[in-house]
Amino acid sequence: MNQEEKQQIWTKSFISISLSNLFIFIAFYGLLTSLPIYVVDELHRSKLDAGLIVTIFLLSAIIVRPFSGKLLEDYGKKRMLMISLIFFTLCSFLYLWVEQYSLLLALRFFQGMWFSIATTATGSIAADLIPLKRRGEGLGYFVMSTNLAVVFGPLIALSLIQVTSFSTLFLVLALLISVGLLITATSKINEVGSTATKAKKRIQLSDLLDQKALPIAIIGSLVALSYSSVLSFLSIYAQELNLLDAASFFFVVFAVVMLVARPFSGRLFDTKGPHFIIYPALVLFLIGLFLLSITESSFMLLLSGAFIGLGYGTVVPSLQTLAVQATDRHRSGHATATFFTFFDSGLALGSYVLGIVATHLGYSTLYFITSAFMIVVIVCYKLVLNRKETTSIPLTESKPSL
């Protein structure tokens, strides 16, 4: 393998894993956006119950996530990705028949377990496939599959529920994740390093969390807490403002600005360092949340989407890259699991706590509070992570195993 091939990002394996990740998150974000409306309008439950339907999914992901890194290490990343995708797909079809709130909670909890393993596997495989010196750029491109899903998932969901039934929506999302399963099953995804080591009899703390990635993961959880207000309540907020049509395009604007900025931000991360990118991104995210709090028109809603897309869409892949860079390369699965364990925790806590805030103070006040909270996040990043060692990258690179 020559130097040029070693530096290539867009390999067949990388494209396959990115497409698999895209369809997983299209289903995830489609359900995440539509289920709160489904719970309130179709099941006639409270706003707090709508937030709980998001929290219960993330709670199961949080419980399983620390173990997912060890599962990938012991049984193989591709194998665990296939198993988790099969169960995730089956759960997606079950939404067609589950009509009771208690059963819906149980289904969300069970599906969240497999979502946790699947997304840990895709992120870890992608990190393994990217050349070390292009990690910031490469993981930025990979996370674009998630950010594109942020567009297509809510766009499909909010568009369909305005013209057809929720049953049709659930069927469409289940068929889309089936496409992701098919792509994974028919793709040869080369894994780096040992992927089928003998399982250990005793589970150690290092099997569950990577301590080197922990500080970055904590910052990620704080960012996720603020972003949970957008994921969980934007559709209901827009419905109250009679802007549901505009909300369908909120994530389109989100993705457009993210796509324009992604090639530049990824390269700047690698050449200028993470702080050069992360500080401005956090400020832009703050501005977007503040604009959302004072939104009264479609223009303001879409403008806030542009700032949130540019800020949040840049800071998350940057933090994920830092988490992977902070540890040894063969522990990319553990670092990815650690980052998303805390990230999911932030989303889950935010969905529940901010649901209580929204119930008592309203959504406008909710977004003002989350924008102010971003100041705390910026200060925490400066105090905890603004050190030279967070930019260090391991110099050794293992060859992919065929």
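1. Basis. The model is predicted: local features need pLDDT of at least 70, side-chain atom pairs count only at pLDDT 80 or more, and totals for chains, interfaces and linings use all residues. Residues are numbered from 1 along each chain as its sequence is written, and side-chain values use heavy atoms, with hydrogens and water left out.

2. Cavities. Rolling a probe the size of a water molecule over the atoms shows where empty space is left. A cavity here is a set of points, on a 1 Å grid over the protein atoms alone, where a 1.4 Å probe fits but cannot get out; lining residues have an atom within 4 Å of a point. Grid points are joined across faces, edges and corners, and a volume is the space filled by probe spheres set on the points. Two cavities of 30 Å³ or more are counted by this rule.

3. The largest cavity. Its volume is about 230 Å³. The lining has 20 residues, and Phe25, Tyr29, Thr146, Phe340 and Phe343 lie nearest the centre. At least two lining residues come from each of helix 2 (12–42), helix 5 (101–129), helix 6 (135–163), helix 12 (298–325) and helix 13 (332–361); helices are DSSP runs (H or I, at least four residues), numbered from the N terminus. By type, the lining holds 11 nonpolar, seven polar and two charged residues. Ala, Val, Leu, Ile, Met, Phe, Trp, Tyr, Cys and Pro count as nonpolar, Asp, Glu, Lys and Arg as charged, and the others, Gly among them, as polar.

4. The second largest cavity. This one holds about 50 Å³ of space. Thr33, Leu158, Val230, Leu231, Leu234, Ser235, Ala247 and Phe251 line it. Helix 9 (214–240) and helix 10 (244–272) are the elements that give two or more residues to this lining, with helix 9 giving the most, four residues. Six of the lining residues are nonpolar, two are polar and none is charged.

5. Alanine 174. This residue lies in helix 7 (residues 166–186) and counts as buried because its relative accessibility is 0%. Leaving aside residues up to four places away in sequence, alanine 174 touches Thr89, Ser92 and Phe93 (contact means heavy atoms within 4.5 Å). Leucine 94 is 80 residues from alanine 174 in sequence, with 8.9 Å between the two C-alpha atoms.

Methods
Buried means under 20% relative accessible area, exposed over 50%, partly exposed in between (1.4 Å probe, protein chains only). On a 1 Å grid over the protein atoms alone, a cavity is a set of points where a 1.4 Å probe fits but cannot get out, and a pocket is an open set with protein on both sides within 12 Å along at least five of seven lines; lining residues have an atom within 4 Å of a point.
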